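The sequence and structure are shown first.

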Amino acid sequence: MENNDHSVNLKQRIMLGRIIGTLIVLGAFSTGMLVWRINYQHPRTNDAMVRANIVGIAPEVSGRIVELHVEDNQYVKQGDLLYVIDPRPYQAKLAQAKAELLVAEKEVDSRRASSGSAELAIERLEHQRAAAEAEVNRIEAEDEYLHSYLERLEPLAEKQYVTADQLKQARSKYAASRAELADARAKELSARSAIDEAKSDSRRAVSLIAQVGNVNARIEAAKAVVAAAELDVEYCSVRAPFDAYVTNLNTREGEYAKIGTQMFALVDDRHWYVIANFKETYLQSIR
């Protein structure tokens, strides 16, 4: 009787063990499926970091730092003054550039006045040349008449139809006419040469003015130098280009800053983003 009871209890225990084992396996399977489903629908990872853009701040002019308005890890707003480089050398260059612009403007005005005077001189010389040419034409006509008159008298003098004094007087008048004609031609030639020289001076004056349409090259070049000098003065005061945190600051007032050499950096506070490591199988579930 006891053996039968012991056999029944053993079978019940075996059955109970199998049931419990089956429940454990089913529970583990269900738990695994549930965890997998949760991870698939809502992926998560411990390998992630929050980041922002970092912009290096370097001066655009060289010089000694006379003002430093920030500390490491300080928060700054857009437009806040970060540091100031000694502006005095660049202010001196700006003053020199402005003075050279004034000189260029005065020289251009002077050359324009000279060009106007040259045009007036050319006009006056043209009148003188025209008068000299008219005088040459008048004397040539008179010279031709005196020459013809002398040719008529000479045969008559040989036949003693005219006196020797009359012939001598005619020859003297013709010689004087020839001399007067030579002088008038020399004056006309001189007037033409003076006109050519005045025109050459006018062209040279126009070239020195360097005017192209409504733009004067010399004045524009001087203005460009002034604009560059103004930019250098403006670059001496460096301001925050956006809201940011100051980082990697290892400089102090009195240090010499060089063009293009980074002094510190700004962590851009406008845009933050996350970099995370996920398995490729989870990419479809990431929104």
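Which backbone nitrogen does the side chain of Asp 268 reach?

## Basis of the model

The model is predicted: local features need pLDDT of at least 70, side-chain atom pairs count only at pLDDT 80 or more, and totals for chains, interfaces and linings use all residues. Residues are numbered from 1 along each chain as its sequence is written, and side-chain values use heavy atoms, leaving out hydrogens and water.

## Asp 268

The side chain of Asp 268 reaches the backbone nitrogen of Arg 270 at 2.9 Å. Asp 268 belongs to strand β10 (strands are DSSP runs of E, at least two residues, numbered from the N terminus). With 3% relative accessibility, Asp 268 is buried (under 20% relative accessible area, 1.4 Å probe, protein chains only). Leaving aside residues up to four places away in sequence, Asp 268 touches Ala 52, Asn 53, Phe 242, Asp 243 and Ala 244 (heavy atoms within 4.5 Å).

## Aromatic pair

The structure holds 2 aromatic pairs (ring centres within 6.5 Å, taking the six-membered ring of Trp). One of them, Tyr 83 with Phe 264, is edge-to-face, at 6.0 Å centre to centre and 80° between the planes (edge-to-face means over 60 degrees). Tyr 83 lies in strand β4 and Phe 264 in strand β10, so the pair ties together parts 181 residues apart in sequence. Tyr 83 is buried at 0% relative accessibility; Phe 264 is buried, also at 0%.

## Sheet

Antiparallel strands β2 and β4 are joined by 3 bridges; Ile 65 has Ile 85 in β4 as its bridge partner.

Definitions and conventions
Phe/Tyr/Trp six-rings, centres within 6.5 Å; stacked < 30°, edge-to-face > 60°. Helix = DSSP H or I, 4+ residues; strand = E, 2+ residues; numbered from the N terminus. Buried < 20%, exposed > 50% of the residue type's maximum accessible area, 1.4 Å probe, protein only. Pairing = 2+ DSSP bridges. Polar contact = N/O pair within 3.5 Å; in protein donor to acceptor, adjacent residues only side chain to side chain.
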